[in-house]
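Subject: Handover of the structure

Hello,

Please find the structure below, with notes on what was found in it.

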Amino acid sequence: MSSQNGNLLSVRDLRTYFETEDGTVRAVDGISFDLKRGETLGIVGESGSGKSVTNLSVIRLIQSPPGRIVSGEVLFHGEDILSLPAEEVRRIRGKRISMIFQDPMTSLNPFMRISRQLMEITQLHLGHTKEQAYEHAVKMLETVGIPEARARADSYPHEFSGGMRQRVMIAMALSCEPELLIADEPTTALDVTIQAQILELIRKLKEKTGTSVILITHDLGVVAGMTDDIIVMYAGKIFEQAPTRELFAAPGNPYTKALLKSVPDPAHEEGTDLYQIPGLPPDVAHLPPGCPFAPRCFRVEEICRREFPPFVQLNAEHFSLCHFAAEVYAESSAEREAKGGVGR
Amino acid sequence: MSEERTPQVPTEQVPNEEGRPTRAVADSDPALTPRGTPPAPPVRPRAGDEIHAFPETAVGEGDVRVPEGAQVVAGTSLWKDAWKRLLKNRLAVFGMIVVAIIAFASVLGPGIIKRATGFEYDTIPADSNLVRSFPPLTAPDGSFSWTHPMGTDSAGRDILARVLQGGRISLAVGLISTLVSLIIGITWGATAGYLGGKVDDLLMRIVDVLYAIPYMMIVIVLLAFFGGQSPLYQIFLLFAALGAVSWLTMARIVRGQVISLKNQEFVLAARATGVSTPKIIFRHLVPNALGPVIVYATLTIPSVMLSEAFLSFLGLGVQAPYSSWGSLSSEGIQNIAIFPWQLIFPGVTMALTLFSLNFLGDGLRDALDPQMRKF
Amino acid sequence: MFRFIVRRLIVTVPMVLIVITLTWGLIRLAPGNFYSTDKKLPPAIEKNIRAKYGLDQPWYVQYGRMMGNIVRLDFGNSLKYETETVNDILKRTLPVSATLGVLAYLIALVVGILFGTLAALKPNSKLDYVSMALAMLGISLPNFVLGPILVLLFSLSLYWLPPARWNGFPSWNLVLPVLTLSAIYMAYIARLTRAGMLEVLRSDYIRTARAKGLSERQVVMRHALRGGLLPVISFTGPALAILITGTVVVEKIFAMPGLGNYFLNANLNRDEPLIIGIVAFISITVLIFNLLVDIAYAYVDPRIRY
């Protein structure tokens with residue numbers, strides 16, 4: 001992990017637990033990462049891996065109860081968001097850090113005109129007057145590619161399609177030109193063709209504004225072309241952390257390998273079945289003593305069920321949580337050599 | 001008039017799956033058990049609360065959910081789980097205990113009192129000096145006495161015996177009218193939901209129409225005009241009238257359940273093997289729709305009892321020599337300034353019973369269907 | 001929307017007729033009538049009266065005549081209060097009941113929404129427990145028990161408030177009956193508000209609103225309240241039906257000369273024209289009111305299109 005200097009966001013040993021009937025769920029359990037200004041970080045994992053909770057914790061949007069940020073630091077420009085007064089956090093939310101949520105169908109207020117929902121944010125943070133805010137809203141809608149933005153600004157969300165609504169969400173998130181944009185599965189609820197458009201839009205806007213982005217997804221295919229670094233999460237832990245190229249080329253964790261295998265790749269030989277990870281995501285309330293992935297792992301050994309794996313540093317920027325990280329890494333590298341060259 | 005009370009919100013069908021990459025792997029939908037019981041709802045985080053636990057909380061997405069596959073075997077333990085959840089709800093347990101005590105006391109109490117003190121609910125003392133309303137726990141000479149724990153009414157009758165006797169009628173009206181409403185509601189709703197199409201349209205439109213009618217007025221007219229012939233007849237009239245106006249919501253609930261269930265595989269299987277339509281409805285659909293029905297029935301009992309009390313209070317319900325909590329309260333009100341215990345004991349007993357039944361119903365709802373959040 | 005209103009109004013007419021027919025049928029099928037219960041008349045006079053009111057005609061003629069009169073909104077004279085038409089009585093009694101009902105509902109709205117919202121904002125807090133326990137009590141305690149207890153407390157023991165009787169609109173006499181009447185609405189509305197707000201407060205769009213950096217107050221007032229109160233709006237329709245039964249009891253307890261009291265007495269006296277008149281009036285009111293509620297719903301929720 002790099003030093004704190006030059007980092008927009010540093011998360012240190014973040015732990016967010018939920019009290020449930022079933023016991024304490026350690027949704028996020030000791031997560032650390034850094035994000036540099038202008039960079040894009042991908043957080044990948046199955047549902048329940050804690051990736052969304054991580055990011056909700058970053059802007060303190062965890063409902064409490066049942067949720068609780070137990071420990072950790074979230075340094076934004078070196079200032080710990082978790083210890084700021086609520087008032088200050090609100091001034092950061094929407095202005096300096098903004099979020100796009102997964103389901104555009106339910107993330108917009110169905111009772112409020114789109115224009116008002118957009119105006120609200122600049123009136124609050126930029127002190128816009130109604131007129132300024134309205135003009136800004138229309139401009140933002142144009143920016144995200146809503147046709148006839150002025151005419152449609154006064155529509156209600158239900159009059160927009162899913163893709164359009166996600167554009168509106170993006171417009172809203174970028175209204176105050178935030179330093180950090182957290183996109184939580186922004187394309188999951190959308191049709192495949194729309195998915196590509198939305199991702200392209202985020203990428204373009206990011207290039208234009210220089211915003212840092214955290215892109216949360218369960219789909220490695222989504223992050224491949226967009227991110228600088230990737231974190232792979234499983235059961236509330238970071239399983240692997242590496243620059244994107246490196247991770248795709250030489251994964252150092254069996255879980256990542258399994259995920260990569262299950263991504264449909266047009267370059268792959270036709271006729272082979274798509275790989276599926278056996279078993280189910282773990283019940284986070286009742287984790288086994290050893291490695292949480294052990295029951296599903298293809299190269300599980302006895303130690304995996306008994307002992308929690310170490311977080312192994314494979315090279316300067318590549319880490320993996322596995323008893324056999326080095327071996328897996330070596331195998332991956334060898335495979336890459338065999339295939340002759342760098343994948344992607 | 002075809003509009004539902006809550007207008008339909010057009011919601012787009014969106015694959016709201018948050019795309020679990022492992023879904024395909026988990027090779028099963030939350031499968032149905034051999035009995036066809038749908039699997040238990042996923043256990044959601046609860047805040048460990050007692051009243052009105054709304055268990056599902058905004059935790060990002062389903063991040064804290066138990067994976068669906070874990071429920072594959074949970075089908076048969078649906079009722080066991082619900083029971084466990086119910087026992088965790090202190091107010092529901094309190095309600096259950098109170099209702100049980102009051103029901104037992106009503107059934108057994110009058111007999112015990114007769115043995116202990118010689119008083120039945122309609123025993124008027126022979127000594128005319130005792131035909132007066134004595135305060136609770138007071139002997140005629142003003143000293144302390146256990147003979148009349150709730151005092152006596154203006155005719156010198158033991159109020160405790162009368163309250164317990166009244167409890168029999170009140171509880172019977174609650175149970176039997178609810179049963180009537182259950183029979184009508186389930187038949188109506190299941191038929192509409194299962195047959196669908198024009199029949200459904202017609203049946204539910206009738207329900208809509210009936211909803212909009214201020215039916216209590218018609219019940220008043222019915223009881224005022226047909227009642228008064230014999231006390232027993234009046235009670236039967238009450239059963240019928242209250243049952244006949246309480247089934248509308250039940251019909252809607254059952255219909256909704258049936259429609260959501262009828263396209264599932266086990267029904268198709270039953271039909272494919274040549275089981276007849278009524279048999280499908282009553283053997284397969286009704287048992288599966290039971291959860292919400294039980295909850296709503298539990299909540300119907302207190303509301304019917306309240307209606308009975310209301311009618312008895314107006315002099316249209318239970319009549320002498322029978323008494324119910326409503327008619328006792330009605331008598332008590334006449335003398336409230338001088339003999340407040342005549343109102344307070346039957347009134348409070350009834351309120352406590354309704355209170356407990358409501359809590360029990362609420363608890364059952366939370367236990368049986370954590371997702372169902374009506375009021 | 002306009003077409004929806006017209007359509008609804010058109011359906012309303014036959015529904016009112018159905019209700020009236022049902023009531024009329026019940027009255028006619030029942031043994032005995034006004035004259036058999038009230039006073040024994042010599043057969044000759046009774047025959048004359050029967051002829052006067054057309055009671056000697058076949059039922060369908062009577063029915064037709066009654067319906068004809070009702071369509072002209074003429075319900076005839078009361079049998080009991082012979083000098084007054086039913087319309088007179090409605091005019092005299094409606095203000096009493098309406099005053100009670102409207103005041104009770106307004107108070108219930110304010111108190112219910114306030115406590116329901118506060119409870120939803122802090123679920124499982126003391127305030128939540130206490131207000132929800134009180135709400136449950138409000139639903140469970142019959143108003144004819146609550147009313148006398150309030151009288152016992154505030155009039156007969158503390159001498160703060162007059163116990164009964166109608167004394168015009170702004171009057172201390174209204175306090176106890178209005179409180180008694182509004183208790184159950186307060187309870188329902190508080191529970192509905194709490195449930196509605198809880199559901200909305202954990203919805204995605206509230207998370208969005210929070211992510212925008214709005215203060216908790218802005219989130220609640222601007223974003224949550226509207227959706228959270230939808231169930232309260234839909235409850236307003238059924239509320240009117242409960243109100244009607246409620247006024248019957250409250251007017252009886254507090255000796256108020258309102259519609260409910262007259263309706264009850266009309267039934268006990270078998271005063272057919274008065275019963276029919278009040279049933280018709282209330283049915284029309286309820287149906288129109290339900291229509292207004294649906295319109296209000298569509299106004300609040302832009303997704304609803306009729």
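What pattern does chain C follow, read along the sequence? Chain C reads α-α-α-α-α-α-α-α-α-α-α-α-α, with 13 helices and zero strands; helices (H or I, at least four residues) and strands (E, at least two) are DSSP runs, numbered from the N terminus. The C-alpha trace of chain C spans about 85 × 55 × 30 Å along its principal axes.

On conventions: this is a predicted model, in which local features need pLDDT of at least 70, side-chain atom pairs count only at pLDDT 80 or more, and totals for chains, interfaces and linings use all residues. Residues are numbered from 1 along each chain as its sequence is written, while chains are lettered from A and ligands numbered from 1 in the order in which they are written.

Confidence in chain B

The mean pLDDT (the predictor's confidence in each residue, from 0 to 100) of chain B is 69, and 65% of the residues score at least 70. Two stretches call for caution. Residues 1–76 of chain B stay under 50, and the model has 170 contacts beyond four places in sequence for them; a contact means that the C-beta atoms of two residues, placed from the backbone, lie within 7 Å. Residues 371–375 of chain B also stay under 50 in pLDDT, with 11 contacts beyond four places in sequence. Where pLDDT is low, the predicted coordinates should not be read in detail.

Helix packing within chain C

Helices α8 (residues 175–201) and α11 (residues 230–253) of chain C have axes that come within 10 Å and cross at roughly 160°. Axes are lines fitted to C-alpha atoms, for helices over the stretch in contact, and angles run from 0 to 180 degrees between N-to-C directions. The crossing angle makes α8(C) roughly antiparallel to α11(C); angles under 35 degrees count as roughly parallel, over 145 as roughly antiparallel, 65 to 115 as roughly perpendicular and the rest as oblique. The crossing of α8(C) with α11(C) is right-handed, that is, the near helix is turned clockwise from the far one by less than a right angle. Residues of α8(C) in this contact include Leu181(C), Ile184(C), Tyr188(C) and Leu192(C), and those of α11(C) include Val232(C), Phe235(C), Ile242(C) and Val250(C). By class, the contact of α8(C) with α11(C) has 15 nonpolar, five polar and no charged residues. Ala, Val, Leu, Ile, Met, Phe, Trp, Tyr, Cys and Pro count as nonpolar, Asp, Glu, Lys and Arg as charged, and the others, Gly among them, as polar.

Chain C against chains B and A

The contact between chains C and B takes 52 residues from chain C and 48 residues from chain B. On the chain C side, the elements that give two or more residues include α1 (2–29), α6 (126–140) and α7 (143–157) of chain C. α13(C) gives the most, with nine residues. That side of chain C has 37 nonpolar, nine polar and six charged residues.

One helix pair across the two chains can be picked out. The axes of helix α5 (residues 215–226) of chain B and α1(C) come within 9 Å and cross at roughly 10°; the two helices are therefore roughly parallel to each other. Ile218(B), Val221(B), Leu222(B) and Phe225(B) in α5(B) meet Leu22(C), Thr23(C), Leu26(C) and Ile27(C) in α1(C). This contact has seven nonpolar, one polar and no charged residues.

The contact between chains A and C takes 24 residues from chain A and 19 residues from chain C. α4(A) gives the most to the chain A side, with four residues, and that side divides into 10 nonpolar, eight polar and six charged residues.

Sheets of chain A

Eight strands of chain A form an open sheet with mixed pairing, in the order β6-β7-β8-β3-β9-β10-β12-β11; two strands pair if DSSP finds at least two bridges between them. β6(A) and β11(A) stand at the edges with a single partner strand each, so one side of each is left without a neighbour in the sheet. Strands β3 (residues 40–44) and β9 (residues 229–234) of chain A pair in the parallel sense over four bridges, and Ile43(A) stands opposite Ile231(A) in β9(A).

A four-stranded open sheet of chain A has the order β2-β1-β4-β5, with antiparallel pairing. In it, β4 (residues 67–76) and β5 of chain A pair over two bridges, and Asp80(A) in β5(A) is the bridge partner of Leu75(A).

Regards
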